[in-house]
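Visitor: I've got a structure loaded and I'd like to learn how to read it. Could you walk me through it?

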Amino acid sequence: MSGFTGYIQLVYVLVAALFVVGLHLMNSPATARRGNQVALTGMVIAVIATFVLLGHDGTVTATGWTVMIVGALLGSAVGLWAARTVQMTAIPQLVSAFNSVGGGAAALVAIYGYYYAESRGTVLGTTSVFTVLDVLIGSVTFSGSIIAAGKLQGLISGQPIIVKGGRLINVALAVVALGTGAFMFGTASLPAMLILVLASLAFGVMMVLPIGGADMPVVISLLNAFTGTAVAMAGFVIGNWALIVAGALVGASGSILTKLMADAMNRSLTNIIVGGFGTGDSMVAVGPAGDAQVRSIAADDAAIQLAYASKVIIVPGYGLAAAQAQHGVAELAKLLEDRGVEVSYAIHPVAGRMPGHMNVLLAEANVPYPQLREMDEINPEFARTDVALVIGANDVTNPAARRPGNEISGMPILDVDQAKSVIVVKRSMGHGYAGLDNELYYDPKTSMYVADAKKAMAELTAAVKTLVG
Amino acid sequence: MSTALLTDLTIFILALLVGIEVIGKVPATLHTPLMSATNAIHGIVLVGAMLIGVSAHNAVGYVLAFIASFFAGANVVGGYAVTGRMLKMFRKKAVTPAAVPSESGQPELESLNGHKGLRGLLSKVGRVQP
């Protein structure tokens, strides 16, 4: 390491430190914005340092500069446009798209490095391990994230797509990819690299296709972890500490979130990746059969219950986001609060389509974050709650989860059934994702308000206003 | 095993452990912005894309460098911008009066105040209170 490169490497260490500090500041909503700015500062320093390094090197051709700068600027413009225009309900797709391009870029770093070295016949064994891992993970992330984004955007069916013999194809692709990788340790070969890339891309597609829409929080987290790992591997390939540290941080973050999401859905990662759930077979009928009655409620009666309650907990689910009802909910909650009702929101970890998604949607609707409460924190409060208002949430409120022997047994749920009364706003009486009847709906203290969430919120708000002036 | 590789591996393992420690403390409320922020951070691959551009000397190299720079540029700028946009929406308001630092009298815009330094870069993403 020559003197100058050493100094630049020191700058990269500073950059890595700024990333860690930035992420540390994300541990509270009060400091999170500063955290993002600290991380951004690190990024700006890294890019400037790299420019200085390349300029000092003096080996970059004019075409090289143009290609890099024009490419980065065009990409930045597209990224900025996407970031500014995206709807908060579509954040999961955008995150998925960024995972995709991040993984793709990481793979390209190794692919080019290999191409360059191979053309001079200097591929080394140790380099190849990281090169192979980078290309493998990066390519899987690239294609897998595109499929995930497509599913979230509704371009590809959100239902699990089961290809006949899909598992066999997956195994075959994995064998081809790993076999080619192993072959490349010994022999530098461009065609082998091409096979590795194609097999990895195909594997990424095949891996995500069979996964259902409701498992997306897990899939996005997992692909996020993959991208981080791919970037770290790219760091090994080019010997850059900033990439190694940043990649490791993202890998750690993605892995933690993956585990949290899988736990919150009571499913193992293998179970999700291999597929199952929602395929229609092997559904065991549990809970009250057709003879149990559900009670429906009119807007006026619901409004009276809410307006004269002293404590209301709102339980939002994906149905609320799908109906774009977050602003309506916030308006109703504000009205109740002005009457002196204590209102809080119970957020299940998998409410929404990615970790923490519901919190962002409600924050967008100006709900103050101290009102957004995590499951473990709010569960004890249901017992002294007058009305629990469930909006578009289903499986996460089903008391059947506490009993063994059904699809959601053991899944952590919100203890909505402990509240003194429950109002469920639901678009239809259909099943939730797990295909189960929700026993909560048959509880004598539960009333059903069958309507689209947005319409229901408008009606309830109007009714409360008329009733109490 | 070379010293350089050993150093890289050490850094990688330690960074993983630091990551697990630091990120484990992030509350569920912020998980989406966290993922978005880490998304931006893996945009550091832009540096990698630039470094491959150094040695590009033919069409294949230029094309690969262009695509990698494009991808990484979108990743890094989009990631930071959307994270900033999301975090701007998290506000504490007057619900817990004791904890709120005194803001200006406009509750709807309060959290948009006080742009400093690099925040200006991000603030272009949303409305800015002058």
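Predicted model: local features only at pLDDT ≥ 70, side-chain atom pairs only at ≥ 80, totals over all residues.

Visitor: Fine. How many helices and strands are there in chain A?

Guide: Chain A has 16 helices and 7 strands. Its C-alpha trace spans about 80 × 50 × 35 Å along the principal axes. Of the 469 residues in chain A, 54% are buried. Among contacts in chain A with a separation of 6 or more, 80% come from residues 24 or more positions apart.

Visitor: Which domains does the assignment give for chain A?

Guide: It gives domain 1 (1–85), domain 2 (91–280) and domain 3 (295–468). In chain A, the C-alpha centres of domain 2 and domain 3 are 37 Å apart. Their contact takes 17 residues from domain 2 of chain A and 15 residues from domain 3 of chain A.

Visitor: What does the domain 2 side of that contact look like, by element and by class?

Guide: Helix H4 (91–118), helix H8 (216–238) and helix H9 (241–264) of chain A are the elements giving two or more residues to the side of domain 2 that touches domain 3. By class, that side of domain 2 of chain A has 14 nonpolar, 3 polar and no charged residues.

Visitor: Let's zoom in on one residue. Is A:Gly144 buried or exposed, and why?

Guide: A:Gly144 counts as buried because it has 28 C-beta neighbours inside 10 Å, and the cut-off for buried is 20 or more. A:Gly144 sits in helix H5 (residues 125–153) of chain A.

Visitor: Which residues is A:Gly144 in contact with, leaving aside its neighbours within four places in sequence?

Guide: Those are A:Gly204, A:Val205, A:Met207, A:Val208 and A:Leu223.

Visitor: How do I read a helix's length? Say, what span does H13 of chain A reach?

Guide: Compare the end-to-end C-alpha distance with what 1.5 Å a residue would give. Helix H13 (residues 326–338) of chain A has 13 residues and reaches 18 Å, close to the 18 Å expected. Buried residues in H13(A) include A:Gly328, A:Val329 and A:Leu332. After H13(A) comes A:Gly340, with a positive phi near 90°.

Visitor: And strands: which ones pair with S7 of chain A?

Guide: Strand S1 (residues 295–296) of chain A pairs with strand S7 (residues 446–450) of chain A in the parallel sense, over 2 bridges. Strand S6 (residues 421–426) of chain A also runs parallel to S7(A), joined by 5 bridges.

Visitor: Now chain B. What do the buried residues of H1(A) pack against?

Guide: They pack against helix H2 (32–57) and H9 of chain A, together with helix H1 (3–23) and helix H2 (31–41) of chain B. A:Tyr12, A:Phe19 and A:Leu23 are among the buried residues of H1(A).

Visitor: How many residues does the whole contact between the chains take?

Guide: It takes 82 residues from chain B and 98 residues from chain A. H4(B) gives the most to the chain B side, with 29 residues. That side of chain B has 52 nonpolar, 22 polar and 8 charged residues.

Notes. Residues numbered from 1 in each chain as written. Chains lettered and ligands numbered in written order. Domains from an automatic or database assignment. Contact = placed C-beta atoms within 7 Å. Helix = DSSP H or I, 4+ residues; strand = E, 2+ residues; numbered from the N terminus. Nonpolar A, V, L, I, M, F, W, Y, C, P; charged D, E, K, R; others polar. Buried ≥ 20, exposed ≤ 12 C-beta atoms within 10 Å, placed from the backbone. Expected span 1.5 Å × (residues − 1). Pairing = 2+ DSSP bridges.
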